[in-house]
Amino acid sequence: MKDINARIAALSPEQRTLFEMRLKQKGLNSATTQSISKRKDTNSLPLSFNQQMLWFLHQLAPQSPVYNIPVAILLEGQLNVKALEQSLNQIRQRHEVLQTCFQMVEGQPVQERVADLTLEMPVIDLQKFAESKQQELVQKLAKQEAQCPFDISREPLLRVKLLQLRETKYVMLFTMHHIVSDAWSRGVIIRELAALYKAICSNQPSPLAELPIQYADFAAWQREWLQGEVLESQLSYWKKQLEGKLPVINLPTDKPRTDVQTFQGARRSLILPESLTKELKSFSQQQEVTLFTTLLAGFYILINWYTQQEDILVGTDVANRTWAETEVLIGFFINQLVLRTKVSDNSNFQEFLMQVREVTLGAYSHQSLPFSKLVEVINPARDLSRNPIFQVKFVLQNTPMPPLEIAGLTITVLDDVDNGTVPLDLLLDMIETDKGMAAMLRYNTDLFNVNSIDNMLKISCRF
């Protein structure tokens, strides 16, 4: 069973999706059978490794919104505002992690529950404004909310505001701190919100099953599990991958790099033609690689073209929910992987693609090592002007959430809200949409001008 679990963990997100589909067609389920047990001391709320890292980073820049996760949700139809607020409070009661704040006790960060606090949802009425003005105000308020920092030491780490545009049209602004949430958690919240709202409107009990564990159970289990042989098997791979002097990506910048890394960011987007998206998918199938691998290979070549560097480190994200119990939880599970590849003029693209595939599969099969633990062990030379280990990241988002229809209400997740920050020099998001693939490049505005970023996006399409 351990071998099966390891093979499942080695799958890329795209491969795992295909694997899940094939299992469902056969009436099977891929959920890992090894269980994460509940912690023995239910009063303690241990931090996971990555939570501890994020707590430390927050201390360095407590007023920065760089780790805010803002979500804008369009609600169309006859909305029961009271039922919506009750639904949100039930979600908060279900998930222990949403009831916590982070304080220092005897020199160590600890989680503590915020005493019996009811989540309030202020309603801002924008009905008197014309539609064009409404859109302007929605964008302004969404940005303000996204950029408002959290005091993680004392306040609940989620906020909600409701903007009313018409009698049957609202926008809900939902903001969480990354230390208690991630991108997957957003989907969990929206699905639970839909189910609970429908039940409350129908005077029915909650249809949601009791959670198998809480996030603190995972954190306690992670600290017990990730040691001994398990830890060494993970570390041995990463030590080998990152041995020697680690390269620093030296992209040509428009402005001098500051002595201390700033997180001031902006984003630019470009829609790839639908025909190009189809060609990329077809090519990937022919080469027996995932779309992620093909796009990542192109990103390596882009970085090589700009820097003339052969040894390149790129970061990427994984959901890191390979255990069945974690799939239904809200919490900070996402992990960062480091993908190291050498771009050589001596190989053709197909050969390079196979190299990227091997690096990617190896990293996914060792994804359980928290990035914070990797940084601790590798202990790279500290440079306050750059992110440790990697300075650029590539992410593929190919699981958009379709609109939900419940109790006379349509729930649609709007485009990600820009909080005006970026944690790295560059972060390229490739997003599958019904109009084709979208390339969204987030960049540090203290390093790059918008014209340079637009040129980079245009050049990236050629690769």
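At 5% relative accessibility, I389 counts as buried (buried is under 20% relative accessible area, exposed is over 50%, and partly exposed is in between, with a 1.4 Å probe and protein chains only). Welcome to this predicted model, in which local features need pLDDT of at least 70, side-chain atom pairs count only at pLDDT 80 or more, and totals for chains, interfaces and linings use all residues. Residues are numbered from 1 along each chain as its sequence is written, and side-chain values use heavy atoms, with hydrogens and water left out.

**Two residues with positive phi**

- I389 sits in the loop between α12 (371-378) and β10 (392-397); helices (H or I, at least four residues) and strands (E, at least two) are DSSP runs, numbered from the N terminus.
- The phi angle of I389 is near 75 degrees, a positive value in a residue other than glycine.
- Q308 also is not a glycine, and its phi is positive, about 65 degrees.
- You will find Q308 in the loop between α10 and β8 (311-318).
- Q308 is exposed, with a relative accessible area of 61%.

**The nonpolar cores**

- The largest nonpolar core has 62 residues, and I389 is among those with the most contacts inside it, together with Y300, V338, L374, F394, L426 and M430.
- Helix α10 (residues 291-307) gives the most to this core, namely 9 residues.
- Apart from this core lies another one of 53 residues, including F150, L158, I190 and W323.
- A nonpolar core here is a set of buried Ala, Val, Leu, Ile, Met, Phe, Trp, Tyr and Cys residues joined through side-chain atoms within 4.5 Å.
- Setting aside residues up to four places away in sequence, M430 touches L272, L295, F394, V395, L396, Q397, M437, A438 and A439, where contact means heavy atoms within 4.5 Å.

**Helices α4 and α6**

- Helix α4 (residues 81-94) packs against helix α6 (residues 183-201) at an angle of about 125 degrees, and their axes are 9 Å apart.
- That makes α4 oblique to α6; angles under 35 degrees count as roughly parallel, over 145 as roughly antiparallel, 65 to 115 as roughly perpendicular, and the rest as oblique.
- Axes are lines fitted to C-alpha atoms, for helices over the stretch in contact, and angles run from 0 to 180 degrees between N-to-C directions.
- On the α4 side, A83, L84, Q86, S87, L88, Q90, I91 and R94 take part, and they meet I189, E192, L193, L196, Y197, I200 and C201 in α6.
- The contact of α4 with α6 has 10 nonpolar, 3 polar and 2 charged residues; Ala, Val, Leu, Ile, Met, Phe, Trp, Tyr, Cys and Pro count as nonpolar, Asp, Glu, Lys and Arg as charged, and the others, Gly among them, as polar.

**Helices α9 and α10**

- Helix α9 (residues 274-287) and α10 cross at roughly 105 degrees, with axes that come within 8 Å.
- α9 and α10 are therefore roughly perpendicular to each other.
- L280, K281, F283 and S284 in α9 meet L291, T294 and L295 in α10.
- Sorted by class, the residues of the contact of α9 with α10 are 4 nonpolar, 2 polar and 1 charged.

- E112 has its place in strand β3 (residues 108-113), and at 33% relative accessibility E112 counts as partly exposed.
- From E112 to N43 is 69 residues in sequence and 9.2 Å in space, C-alpha to C-alpha.
- Not counting residues up to four places away in sequence, E112 touches L45, Q99, T100, C101, Q103 and V105.
- I378 belongs to helix α12, and its C-alpha is 7.2 Å from that of K239, 139 residues apart in sequence.
- Beyond its neighbours within four places in sequence, I378 is in contact with W238, K239, L242 and L246.
- D416 lies in the loop between β12 (409-413) and β13 (426-433), and with 34% relative accessibility D416 counts as partly exposed.
- The C-alpha atoms of D416 and P70 are separated by 7.2 Å, although the two are 346 residues apart along the chain.
- D416 touches R186, R267 and Q397, not counting residues up to four places away in sequence.
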